[in-house]
Amino acid sequence: MNLLRGALRTYAWGSRTAIAEFTGRPSPTAHPEAELWFGAHPGDPAWLETDGGEQSLLDTVREDPEGQLGAAVRGRFGDTLPFLMKVLAADEPLSLQAHPSAEQAAEGFAREDRLGIPVSSPIRNYRDRSHKPELLVALHQFEALAGFRPAMKSVELMRALGVSELEPYVGLLSGQPDADGLRALFTTWITAPQPDLDVLVPAVIDAAIEYIRSGAKVFAAEAKTVLELGERYPGDAGVLASLLLNRLTLRPGEGIYLPAGNLHTYLHGVGIEVMANSDNVLRGGLTPKHVDVPELLRVLDFTPASETDLRPQTTNDGMETVYETAAPEFTASVLSLDGDRLGHEVDAPSRHDGPQILLCTEGSAVVHAKSGAVTLNRGMAAWVAADDGPIRLVAEQPTKLFRATVGV
Ligand SMILES: [Zn+2]
């Protein structure tokens, strides 16, 4: 078992304080820090602290797949760690995006290879052959847009804004309040000529300002989101798309699970993401990065989903709360040590014999594995190889460890 140092990604939408404070570094930082990657992704692997210095988790897994991943995981996923865990801190909205299914990713990767687009090119959509189901669990209050909400609810929102320019679109959706209607409306907006958007988006922004001024409450969060997005991307169809998506506020510990084809964007907050080890993103707007609307439309799932559909069920097994998701690549859970679990060694439930990544989000614990022990304070992580578990824990104060393992 080793301490694991995450790989820091500095994107413009990140925070100058959140990740630094979480990991106990001085803040504000010189650059906005957006993501801290804990995994063995070739693009940015995490680092094991060993007696001989730092060693990349990618190399460690490559050199000893049997010991690090275990026979069962190798049999299912080959010689790579199938999941990636990230701490994510968004001070500003991310791009409007969706991720492909396994089939779409394999086909897209082969197609872009045939077209001769280098994997590192900024216009490349498919950087690997994997799907990318993702789970996000809030560390602090987290704001997001995700999944097309039931269509009549969006009709209600648009009517409440009372924008005359929106009327034909409200008519379209109320005449067909289902996945097909949502597809037709979203496609119309996302492919609309810029001069049309330059009229429509400001009209919606003005209506949102009026709505907030009026003191109306029902769609206040949605109206504020229109303003927030419109301020940064004044002529972007993504501002209109926000009218069709569930507007979620997650409290600490609450999660959302985003399967293939779910249109989403994170707006603000700090959370932990666990996903299949992939970088496949299709963007539709709200970003200066590469946007590929036709490809996004190919993978989008327009089936309306309510907020509850997006929130994973949790099951509690003594000290462990598991987020139930369908992804075979990962299982995410929280190990909570408190009450009569403090002050003595306790066995952590062992769901299988694969590798695990532990991240302390609160308190402090000593983690014991076969090879020895490490102390994890808030913001510190450990890698437990398959041949090094199961683990035992000792904490003197209420402590939470976020755990990512391979799915069962
Ligand atoms: Zn995403």
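Which backbone nitrogen lies 3.2 Å from a polar atom of the side chain of Ser-56? Select Ser-56 and you will find that the nitrogen belongs to Leu-58.

**Before you go on**

You are looking at a predicted model, where local features need pLDDT of at least 70, side-chain atom pairs count only at pLDDT 80 or more, and totals for chains, interfaces and linings use all residues. Residues are numbered from 1 along each chain as its sequence is written, and side-chain values use heavy atoms, with hydrogens and water left out.

**Stop 1: Ser-56**

Stay on Ser-56, which is part of strand 5 (residues 53-56). Strands here are DSSP runs of E with at least two residues, helices are runs of H or I with at least four, and both are numbered from the N terminus. Ser-56 has 4% relative accessibility, so it counts as buried. The classes are buried under 20% relative accessible area, exposed over 50% and partly exposed in between, using a 1.4 Å probe and protein chains only. Now show the contacts of Ser-56, meaning heavy atoms within 4.5 Å. Leaving aside neighbours within four places in sequence, these are Pro-45, Ala-46 and Trp-47.

**Stop 2: the annotated binding site**

Next, select Gln-97, His-99, Glu-134 and His-264 together; an unreviewed UniProt entry annotates them as "binding site". UniProt positions are given in the numbering used here, feature names are shortened, and annotations may be inferred rather than shown by experiment. The four are spread over 168 residues of sequence, yet they cluster in space, with a largest C-alpha distance of 12.3 Å. Gln-97, His-99, Glu-134 and His-264 also belong to the lining of the largest pocket. (A pocket is an open set of points on a 1 Å grid over the protein atoms alone, where a 1.4 Å probe fits, with protein on both sides within 12 Å along at least five of seven lines; lining residues have an atom within 4 Å of a point.)

Zoom in on His-99, in the loop between strand 7 (96-98) and helix 5 (102-114). Is His-99 buried or exposed? His-99 is buried, with a relative accessible area of 1%. Its side chain makes a polar contact with the side chain of Gln-97 at 3.2 Å. (Such a contact is a pair of N or O atoms within 3.5 Å; within protein, one must be able to donate a hydrogen and the other to accept it, and residues adjacent in sequence count only if both atoms are side-chain atoms.) Further along the chain, His-99 touches residues including Lys-132, Glu-134, Asn-280 and Val-281.

Move on to His-264, in strand 12 (residues 264-276). The side chains of His-264 and His-99 are joined by a polar contact of 3.3 Å. His-264 has a relative accessibility of 1% and counts as buried. Among the residues in contact with His-264 are Ser-95, Glu-134, Leu-145 and Leu-258.

**Stop 3: Leu-263 and the phenylalanines**

Select Leu-263, in the loop between strand 11 (255-258) and strand 12. Leu-263 is buried, at 0% relative accessible area. Its C-alpha atom is separated by 7.3 Å from that of Phe-148, 115 residues apart along the chain. Leu-263 touches Phe-148 and Phe-186, among others.

Rings of Phe, Tyr and Trp (its six-membered ring) pair if their centres lie within 6.5 Å; planes under 30 degrees apart count as stacked, over 60 as edge-to-face and the rest as tilted. The count by this rule is six aromatic pairs. One is Tyr-11 with Trp-13, whose ring centres are 5.6 Å apart and whose planes meet at 40°, so this pair is tilted. Tyr-11 is partly exposed at 22% relative accessibility, while Trp-13 is buried at 12%.

**Stop 4: charges over rings**

Select Arg-9 and Trp-37: the charged end of Arg-9 sits over the Trp-37 ring, 4.3 Å from its centre. The rule asks for NZ of Lys or CZ of Arg within 6 Å of the ring centre and within 35 degrees of the ring normal. For another example, pick Arg-124, which lies over the face of Phe-109 at 4.8 Å from the ring centre.

**Last stop: Arg-283**

Finish at Arg-283, where the unreviewed UniProt entry places the feature "active site". Arg-283 is in strand 13 (residues 282-285) and is buried at 16% relative accessibility. Residues touching Arg-283 include Gln-97, Lys-289, His-290 and Asp-292.
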